[in-house]
Amino acid sequence: MGFVDAIKRWRLARQGLSSGKKRRVHSENPMVQALEDSFWVKLSLYATFVVGTAALVLNSSPDTAFGQDILKGGRYAFIIAFTALVMFHINLQGSCRRNSRVVLVLGGIFGHLLLVRAVMSLADVGAIPEVFRFFAVPFALAPMLHGVLLGRAVASFSAVYVTLIGCLLAPEEEVLGYLILSLVAGMTSVLLAYQVRKRLQLLQAGIYIGAVTLVTGLVLGRLDLVAVFGPQSMDHLQLLGNGSAAAFGTAVLTALLISGLLPLFEGAFHLTTDISWLELSDLNHKLLRQMQLEAPGTFHHSLVVASLAEAAAEKVGANAPMCRVCSYFHDVGKLKKPGYFIENQHDGGENPHNTLTPTMSSLIIIAHVKDGVDLAVKNKLNPRIIDVIQEHHGDSLVYYFYRRAQEQKKAEMEKVDRRLENPEDLPMVEEKNFRYPGPRPSTRESGIISLADSVESASRSLQKPTPAKIRALVDDIVRTRINDGQLDACPLTLRELALVKDSFSSTLRSMLHSRIDYPKDDSASATKRLSSDPSHGGRVIPMPKRA
């Protein structure tokens, strides 16, 4: 089909009916998409995880609870791994929908367990002192990795199941200690890794996890703090120091490892963390700098939309950094024809739409969505940004030009009644020709940006804005979008929409508040006196009061 389309474009270009160019579109590789959605691939991943976990326990140390009966240990591991899959499939449907996420979650847990098994083996052969056996285990690895990449729910799932399966790898007499240490350190990782926005926060999280692991180990008696104050205090103090170094060192190294590997995981699994969103919010991106120079009105509009969307996303628990970045780029397609958009037209300047038919004007306005996708793909922007560019208008109506077309047709009909026009020459005014191509917003973030875009544009028409006028405007915009079905595919609830409206109203009130009218000093003598005083350079410098 691609070759046939290319021939058609070439023939149209030869006839002068086409420029011969084609806009870039964003689409998944069909092969990758098929693998992502394949039921059999998912079933294979599940089977590999269950069998691999059972095999790991079968090869565990003889000192474990099932060391003397490895088949029994393997059966226990198989059952626990199977329950993990059931919980994963039922409670984390968002993550198990795509096979790449399944690989990330189950692979992360299995990798964590492999490291636990390695540490236990090193302790068994004496490479790691027995007293430091648990302090060398990277308890935070899978929970922190999943917390940063996939959120708190997946991280909690990982913390629980690496603990349950890990107990089968721990020495029989220390299973309870391992269970407590792993759970406490894992849950601490879940709490600290939630909404990490700076790489430094990961390092801080590692330090806190090390501290929690050390304190828990002291409470469980892994290290004897009281012995430091008794005989051979220096030996005990050295042991305590080494234990503390092991606990902190393992946790900090785990955090540094995750921080270093994050870009690799984000690229491989098509994920974007808050850390990356903040890095993408740099206004020095070449598209944003071009917008600032060539479409300053659109640039300012994007900044205001970003503020509105970010504040609203914070209120409803959506991804606020993502809303900010996507808002910056949502109208980037206007760079193709900036002068055709009202925010970039200067007072007194000629409006290019005055010489165009409403249908042609509508086509130019609607095209900014496809042009935006084309620019985004060309500049390799994040796929989530491209989704927002496509969805921020949904399939809504370009109402202004639609009304203008109807009014023109009505005027032409009057000429027909007076037999000045032939009715067959009248253009058809169909609503579908004045609608954006869609799709409608499909995520909470996309829906919030779509509403913020409409609210910001409409707020510019407010005369002498008051809190009541602002609230009425926001209510009207949101109600219109709902009635038009633009939020039908968006998971925003009515309660969240109410919070979004409150946030929009509050942000707009702070932006559109009125200033006091400062009185002017019309005294000519005062102006003359100030401007002629060479010592002050024309500025008023207050003199200190004398005591």
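Student: Which residues line the second largest cavity?

Tutor: A cavity is a set of points on a 1 Å grid over the protein atoms alone where a 1.4 Å probe fits but cannot get out, and lining residues have an atom within 4 Å of a point. Here, Gly 333, Lys 334, Lys 336, Lys 337, Phe 341, Ile 364, His 368 and Asp 371 line the second largest cavity. The model is predicted: local features need pLDDT of at least 70, side-chain atom pairs count only at pLDDT 80 or more, and totals for chains, interfaces and linings use all residues. Residues are numbered from 1 along each chain as its sequence is written, and side-chain values use heavy atoms, with hydrogens and water left out.

Student: How is this lining divided by class?

Tutor: Ala, Val, Leu, Ile, Met, Phe, Trp, Tyr, Cys and Pro count as nonpolar, Asp, Glu, Lys and Arg as charged, and the others, Gly among them, as polar. The lining of the second largest cavity has two nonpolar, two polar and four charged residues.

Student: What classes of residue make up the lining of the largest cavity?

Tutor: That lining has nine nonpolar, three polar and no charged residues. Among them are Phe 135, Pro 138 and Thr 254.

Student: What volume does the largest cavity have?

Tutor: A volume is the space filled by probe spheres set on the points, and grid points are joined across faces, edges and corners. The largest cavity has about 60 Å³, and the second largest cavity about 30 Å³.

Note on methods. On a 1 Å grid over the protein atoms alone, a cavity is a set of points where a 1.4 Å probe fits but cannot get out, and a pocket is an open set with protein on both sides within 12 Å along at least five of seven lines; lining residues have an atom within 4 Å of a point.
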